[in-house]
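Here is a short note for a colleague who is opening this entry for the first time.

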Amino acid sequence: MATVSDVPDEPGQPPALTALSLAEISQESKTKEQVITPFDVSGGVDEHGKAVAIDYDKLIDHFGSQRIDKSMLERFERLTGKPPHRLLRRGLVFSHRDLNLILDKYEKGIPFFLYTGRGPSSGSMHVGHSVPFEFTKFVGTPSTCTQRVTANKSNRRYLQDAFNVPLIIMLTDDEKFLHSPKLSLKDCRKFALENALDIIAIGFDPAKTFIFADTEFIYGGHGAAFGYNILEIGKKTTNNQIKGTFGFNDTYVVFFWHTTHYDVNWSVTYQVNSNNILEFAFPATQSATSFATSFPFIFGSNTKIVSKIPCLIPCAIDQDPYFRQCRDNAPRLGLVKPALIHTVFLPSLRGSESKMSASDTESSIYLSDTDNQIKKKIGKAFSGGQDTRELQEQIGGRTAVDVPFQYLTFFLESDEDLESMRERYEKGQMQSGEMKAAATKELQAYVAAFRERRKAVTTEIRDEFMRPRQLVFKSMPPEKEQ
Ligand code: TYM
């Protein structure tokens, strides 16, 4: 039976590890439900104790978002005048909230803004992080490195340019500091500036993009030292301490039950939660960027107009819990609910039951990796191929769990090449070594093209992106059209 001792009591554990996820740990069998939160991504465990791949259909039902269907893709194509991005074509951008409302407004000429972000937990981002950013910006129609670098400008642009709207990118250095027992505030602030260089190298338009790091933007200027002390003190203060001192109350009861053929046992447990007080507060920070009223220097200060400007957030689905909560509260503040467009996760090198994650270096290919490192990592990646050449020829490989093939679905532009590899692999006409070589080539090309663009990003360019300023975009409509 799950008891309170199963609740991690170390500060830095996700608040999301609550009654629900605990109750989902089955008491008899080894089965574990999948868990997807901003802090924890795993596909769960089946009744034989085997890790299983993330079930995105189930996730849509559980989270209550909507599937992106064929008609939505057609509408996208019609409105943007561009063929759907490969992530959309392949169902890797798979779910949304209120995207139809954003497209309705866009059709009427009412502008919106894009918002995405990164929690700087490491100096270099990994190729998984680049997925939502790529989708926000970039379409690499040609599939080879040289073609990509020289690609016609119009081929390389997507959401931001297709819609001609401002983009705000939030670097949550405070979030990473508050959640990680290991990271200092100094580390996170440094990572934020380094990650900004990576993000700019994806190819965003400086005239339409504002990037900010929370600590600088929220606590900058004369208040900086004061703000940093609030963070340091807050990180050391637990919810329980505050409750004890001030009598605040957040205790709730968790019921666990255990049934056998003959009896039903009930037990009642009080949840003990030792997350620090600012972890509880942070969702408000991530939410605040969803509202145009947070940025008067971009949108102006006519609250009546600005409070109605909608926001579209591209992200992987792990960030959805933040925005679900934000959407619940927005109407109570007289603000528009943010819309979302969700991507699936680029899988870990270890297998598709978990995502590529910066906190697990063995799971990730970094944008700073050399060609050789990429080759070695993909060489060791989980393969859906058979153990011997003969067996592979006889029964073929399983592309559904083959990590190198999964990477190709994210990065290889040509649908025909991808389909042909799928077919040959499954029929045993292609060996796992060949699949790994193809993925290595594609990832090396992707990272090499990124490396070239990254070299050109100077700290002066970054300073300009991070300077609070008016952005260039279609002007706001008159009040009556909102
Ligand atoms: P972070 O740094 O965990 O992730 C940055 C972005 O990358 C997505 N992501 C992935 N996408 C595909 N495959 C993966 N393996 C993978 N791992 C991460 C995340 O969903 C995210 O879109 N709290 C946020 C920062 C943030 C944010 C936002 C992100 C603030 N505001 C608005 C998206 C939208 C964070 O720590 O992201």
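1. A residue is called buried when its relative accessible area is under 20%, exposed when it is over 50%, and partly exposed in between. Please keep in mind throughout that this is a predicted model.

2. The pair E107 and R75 makes a salt bridge in which the closest N and O atoms are 2.7 Å apart. Because its relative accessibility is 43%, which lies between the two cut-offs, E107 counts as partly exposed, whereas R75, with a relative accessible area of 14%, is buried.

3. A second salt bridge joins E413 to R86, and here the closest N and O atoms are 2.8 Å apart. E413 sits in the loop between helix 20 (403–411) and helix 21 (415–426), while R86 is part of helix 4 (residues 86–89), so this pair ties together parts of the chain that are 327 residues apart in sequence. Both E413 and R86 are buried.

4. R189 and E216 form a further salt bridge, with the closest N and O atoms 3.3 Å apart. As R189 lies in helix 10 (residues 185–203) and E216 in helix 11 (residues 214–219), the pair ties together parts that are 27 residues apart in sequence. R189 is partly exposed, at 27% relative accessibility, and E216 is partly exposed as well, with a relative accessible area of 45%. Elsewhere, salt bridges that share partners bring R86, R89, R90, E413 and D415 into one network.

5. For the model as a whole, the count comes to 27 salt bridges, and the pairs described above are among them.

6. Helix 10, which carries R189, also packs against helix 22 (residues 432–455), at an angle of about 110° and with the two axes 8 Å apart. Angles of 65 to 115 degrees count as roughly perpendicular, and therefore helix 10 and helix 22 are described in that way. The crossing of helix 10 past helix 22 is right-handed.

7. Which residues meet where helix 10 and helix 22 are in contact? On the side of helix 10 they are E194, L197, D198, A201 and I202, and on the side of helix 22 they are F450, R453 and R454. The residues of this contact divide into 4 nonpolar and 4 charged, with no polar ones.

Technical notes
Residues are numbered from 1 along each chain as its sequence is written. This is a predicted model: local features need pLDDT of at least 70, side-chain atom pairs count only at pLDDT 80 or more; totals for chains, interfaces and linings use all residues. Side-chain values use heavy atoms; hydrogens and water are left out. A salt bridge is a side-chain nitrogen of Lys or Arg within 4 Å of a carboxyl oxygen of Asp or Glu. Buried means under 20% relative accessible area, exposed over 50%, partly exposed in between (1.4 Å probe, protein chains only). Helices (H or I, at least four residues) and strands (E, at least two) are DSSP runs, numbered from the N terminus. Axes are lines fitted to C-alpha atoms, for helices over the stretch in contact, and angles run from 0 to 180 degrees between N-to-C directions. Angles under 35 degrees count as roughly parallel, over 145 as roughly antiparallel, 65 to 115 as roughly perpendicular and the rest as oblique. A crossing is left-handed if the near helix is turned anticlockwise from the far one by less than a right angle, and right-handed if clockwise. Contact means heavy atoms within 4.5 Å. Ala, Val, Leu, Ile, Met, Phe, Trp, Tyr, Cys and Pro count as nonpolar, Asp, Glu, Lys and Arg as charged, and the others, Gly among them, as polar.
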